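Dear colleague,

Please find the structure below, and keep it open while you read my notes on what was found in it.

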Amino acid sequence: MFYDWTYFLVIIGAVLSLWASAGVKSSFSKFSKVLTAHGVTAYEAAERILHGAGIYDVKIERVSGSLTDHYDSSSKILRLSDTVYHSTSVAAVGVAAHECGHAIQDHEEYAPLRLRHYLVPVVNFGNRLSMPLFLIGLLLGAYNTLVPIGIFLFSFAVVFQFVTLPVEFNASSRAVTILGESGMVTVEELPKVKKVLKAAAYTYLAAAASSALQLLRLILISRRRRN
């Protein structure tokens, strides 16, 4: 149970996550040194994008840290990190535009974003109980009750990760389109924005793959112990 080949699935997931995380940090660092020709800051870009979409009830705030940028749909706040807020780099403007993409999704009631929002309490509940139930089920030999319930609850986390993919890809697509059409970045700068957002997208793909591999591991362990 504790030492078996299925741990390689966990290791693969961890390696993918580390690779993706290193990639986004490297890309962001590289293009943080490339300033936009028009000198627009990430904050200014975010404000223009939101107002251009007819969104005036979203507040833009600064949050500490690096790459801690996010959009909080519950409080209608778009938070930009210290390394992004006042920066005029193509990386910062791209990140800000991406988060604005989420605000626009929320404004338009984009279906995958709504679904992800509804899944949050279910996923939180599942995360608290899935592994304890699975492990207790293995120890008690409850292969037809507690173990399947634990796997079922964990599967919601996997679903959440895969629902997140279209949400993130769509936000990046919106960001690139808006920045290109608005002229806030030049034609030469736009491919650099795409590279930053593409690197960020890999982190979500890695997270989805990692969670799927963990689910596969639980299923394999369950079948082996039952047999």
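Leaving aside its neighbours within four places in sequence, serine 130 is in contact (heavy atoms within 4.5 Å) with Gly150, Leu153 and Phe154. Serine 130 belongs to helix α4, which covers residues 111–140, and helices here are DSSP runs of H or I with at least four residues, while strands are runs of E with at least two, both numbered from the N terminus. With a relative accessibility of 1%, serine 130 counts as buried, a word that stands for under 20% relative accessible area, whereas exposed stands for over 50% and partly exposed for what lies in between, with a 1.4 Å probe and protein chains only.

Before going on, please note that this is a predicted model, in which local features need pLDDT of at least 70 and side-chain atom pairs count only at pLDDT 80 or more, while totals for chains, interfaces and linings use all residues. Residues are numbered from 1 along each chain as its sequence is written, and side-chain values use heavy atoms, with hydrogens and water left out.

Glycine 141 sits in the loop between α4 and α5 (146–182), and because its relative accessibility is 36%, glycine 141 counts as partly exposed. From C-alpha to C-alpha, glycine 141 lies 21 Å from glutamine 214, and the two are 73 residues apart in sequence.

As for the whole protein, there are six helices and three strands, which follow the pattern α-α-β-β-β-α-α-α-α along the sequence. The C-alpha trace spans about 65 × 35 × 25 Å along its principal axes, and buried residues make up 45% of the 227 residues. Among contacts between residues at least 6 apart in sequence, 72% join residues at least 24 apart.

The three strands form an open sheet with the order β1-β3-β2 and mixed pairing, where two strands pair if DSSP finds at least two bridges between them. β1 (59–63) and β2 (70–72) stand at the edges with a single partner strand each, so one side of each is left without a neighbour in the sheet. From one strand to the next, the twist averages 25 degrees; axes are lines fitted to C-alpha atoms, for helices over the stretch in contact, and angles run from 0 to 180 degrees between N-to-C directions.

How do the strands pair? In the hairpin of β2 and β3, which has four residues between the strands, lysine 76 takes a positive phi near 55 degrees.

Is β3 mostly covered or mostly open? It is mostly covered, since five of its five residues are buried. In a regular strand the side chains alternate between the two faces of the sheet. In β3, Ile77, Arg79 and Ser81 point one way and Leu78 and Leu80 the other way, and all are buried. Helix α3 (residues 90–108) lies across β2 and β3, and runs at about 25 degrees to β2.

With best wishes
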